[in-house]
Amino acid sequence: MSEFDQVLPRYGADSLMDVLPSALAQLGMPGVTDTLGLELDGVRRIAVLLIDGLGWHQIPTAAPFAPTLADLAARAPRMITTGFPSTTPTSLVSLGTGASPGTHGVLGFRVAIPGTDTVLTHTHWRTDPDPATWQPVPTLFERARAAGLTVGVANRPEFAASGLTQAANRGATYHPASDVDELAAAVLAGLGQAGSPPALSYGYFPDLDRYGHVFGVDSEPWREAATEVDRLLDRVLDGLPADAALLVTADHGQLDVPPHHRFDFDADPRLQAGVRVVAGEPRVRYLHTLPGATEDVLATWTEILGDAAWVAHREEVIAQGWFGPVPARNLPRIGDVVAICHGTHAVVAPTSEHAIKAMLIAYHGAYSAVEMEIPLLISRGRS
C-alpha cells in the first residue's frame, strides 16, 4: 500500500476509539470489550501515552533519534487507524469517549456552529458552547471512575480548563505537567500503588506534532522532539511496575505540503462563490453554502481542485462510513460540501482563518495512509 492510498477508519474493530475500552476491559471494567485483543493477563494498571503526530509512517523517520521507540515498534509492531478527520480534537475525543467522530460530534479542527456563521476552533475552546452540551457522550474516564477504577490525565497546565479537555477527559483527575520529566512522573504517579484499585493513567505529548507543523517532518526541531519522545518513553518504562503495561499510540500522522500544492481560498473568487462559511482545515474543507448554491459550489470546487481532492456532498461522505454513524444533531456541523485533499495538497485560507495556519509546513486531516495509520505499541512492566 502507498502512504497516499485512502484508509477507511476501522471503527469498533481496530481503531483509536477502541484503545481505552480495550484497556479498561483488561482492568475488569464492566460494559466494555477488548476488541483489540490486548492479552494483558495479570495487569492491574495501564499507562497510555498519546504522542501527537506520531503516525505509523513517521516511526522509521524518528527511529535514528528515538531508539527506544524503534525497539518498541520492532518488538511489538501493531498498526491501527485513527478516525476521520485525522486531526487532534477529533482524535482526542474519540480516544476519551470510545465513540466515533459522527457520534461524539467533534468533527474537525474548526467546525461551524449550526444556525450561525460562527466557527468553533476546538483547540481554542473554553466554555462556549458548553462542552457537556456540544459533546454529550459520557467519557470513559467518567464511566471508569463510576465503576471504582482510578483514572488520571497528565497534560500541560494550560489545557486543564479547556473545552476540549472537558469533552475528552472529564471524570479524570487532572495532573498538570509542563515538560517530559513532569509528564513521566505524573503518568507513573497516576498508576497508584500495588494493592490499590485498578488504574488507568493517560498522558499526552504535543511537541512532535507542533514542530512538524512549524518546521516540517524530519526538520531539526522535529528530530529534537523525537528525542524527547524517547526520553519520555525511557522514563515511563523505567518506572513501570511489574503489574502494569504501557500502551503508546497517536492521534494522526503528518505530511509536508509544498507551496505549489496549496490552493488559496481567499485569493480565488471562484472558490468563494456560493460559500457562506468555510470550516474544517487545509486538508479537509467543510463548505457551508448559501441557499441554492450547493450544486454550483460542488461543480466549481471539483473543476478547480481536479485530481488534488475528492469533492462530494456531505451525505455521500457519511454514506461511505468516514465519520461512523452521524445522528441528526451533528449533521449540520459537516459542510454541505466536503473537499478532502489527495497527495500533498491543501486548501489554505490565510484571511478567513488565522494567517499562521496557511504558513505551516506540515498538515494532516485527510484520509491518506500517512495520516490515518497510527501505532499501538505495548510493553509490560519489568520493575
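Which residues line the largest cavity? The structure is a predicted model, in which local features need pLDDT of at least 70 and side-chain atom pairs count only at pLDDT 80 or more, while totals for chains, interfaces and linings use all residues. Residues are numbered from 1 along each chain as its sequence is written, and side-chain values use heavy atoms, with hydrogens and water left out.

The lining of the largest cavity consists of Asn155, Arg156, Ala177, Asp179, Val180, Leu183, Tyr204, Phe205 and Pro206. A cavity is here a set of points, on a 1 Å grid over the protein atoms alone, where a 1.4 Å probe fits but cannot get out; lining residues have an atom within 4 Å of a point. The count comes to 1 cavity of 30 Å³ or more, and the volume of the largest is about 40 Å³, taken as the space filled by probe spheres set on the points, which are joined across faces, edges and corners. At least two lining residues come from each of α9 (180-189) and β7 (199-205); helices (H or I, at least four residues) and strands (E, at least two) are DSSP runs, numbered from the N terminus. The lining comprises 6 nonpolar, 1 polar and 2 charged residues, where Ala, Val, Leu, Ile, Met, Phe, Trp, Tyr, Cys and Pro count as nonpolar, Asp, Glu, Lys and Arg as charged, and the others, Gly among them, as polar.

Helix α1 (residues 19-26) is largely enclosed by the rest of the structure, because 6 of its 8 residues are buried (under 20% relative accessible area, with exposed over 50% and partly exposed in between; 1.4 Å probe, protein chains only). These are Val19, Leu20, Pro21, Ser22, Ala23 and Leu24. The buried residues of α1 pack against β1 (45-51), β2, α4, α7 (140-146), β7 and β8 (244-249). Glycine 28, with a positive phi near 90°, follows the helix.

The structure also holds 8 aromatic pairs, defined by rings of Phe, Tyr and Trp (its six-membered ring) whose centres lie within 6.5 Å; planes under 30 degrees apart count as stacked, over 60 as edge-to-face and the rest as tilted. One of these pairs, phenylalanine 84 with tryptophan 322, is tilted, at 5.6 Å centre to centre and 55° between the planes. Phenylalanine 84 belongs to the loop between β2 (79-81) and α4 (88-97), and tryptophan 322 to the loop between α14 (314-319) and β14 (337-341), so the pair ties together parts that are 238 residues apart in sequence. Both phenylalanine 84 and tryptophan 322 are buried. Tryptophan 310 and tyrosine 367 form a stacked pair, with 6.5 Å between centres and 25° between planes. This pair links strand β13 (residues 309-313), which holds tryptophan 310, to the loop between β16 (362-363) and α15 (369-372), which holds tyrosine 367, 57 residues apart. Tryptophan 310 counts as buried at 18% relative accessibility, as does tyrosine 367 at 2%. Phe84, Trp310, Trp322, Phe323 and Tyr367 form one aromatic cluster.

Charged groups also sit over rings (NZ of Lys or CZ of Arg within 6 Å of the ring centre and within 35 degrees of the ring normal). The charged end of arginine 333 lies over the ring of tryptophan 134, 3.5 Å from its centre, and lysine 357 lies over the face of phenylalanine 109, 4.3 Å from the ring centre. Phe109 and Arg110 are in contact (heavy atoms within 4.5 Å) with threonine 121, neighbours within four places in sequence being left aside. Threonine 121 itself lies in strand β4 (residues 119-121) and is buried, with a relative accessible area of 15%.

Conventions. 1 Å grid on protein atoms, 1.4 Å probe; cavity = no way out; pocket = protein on both sides within 12 Å on 5 of 7 lines; lining within 4 Å.
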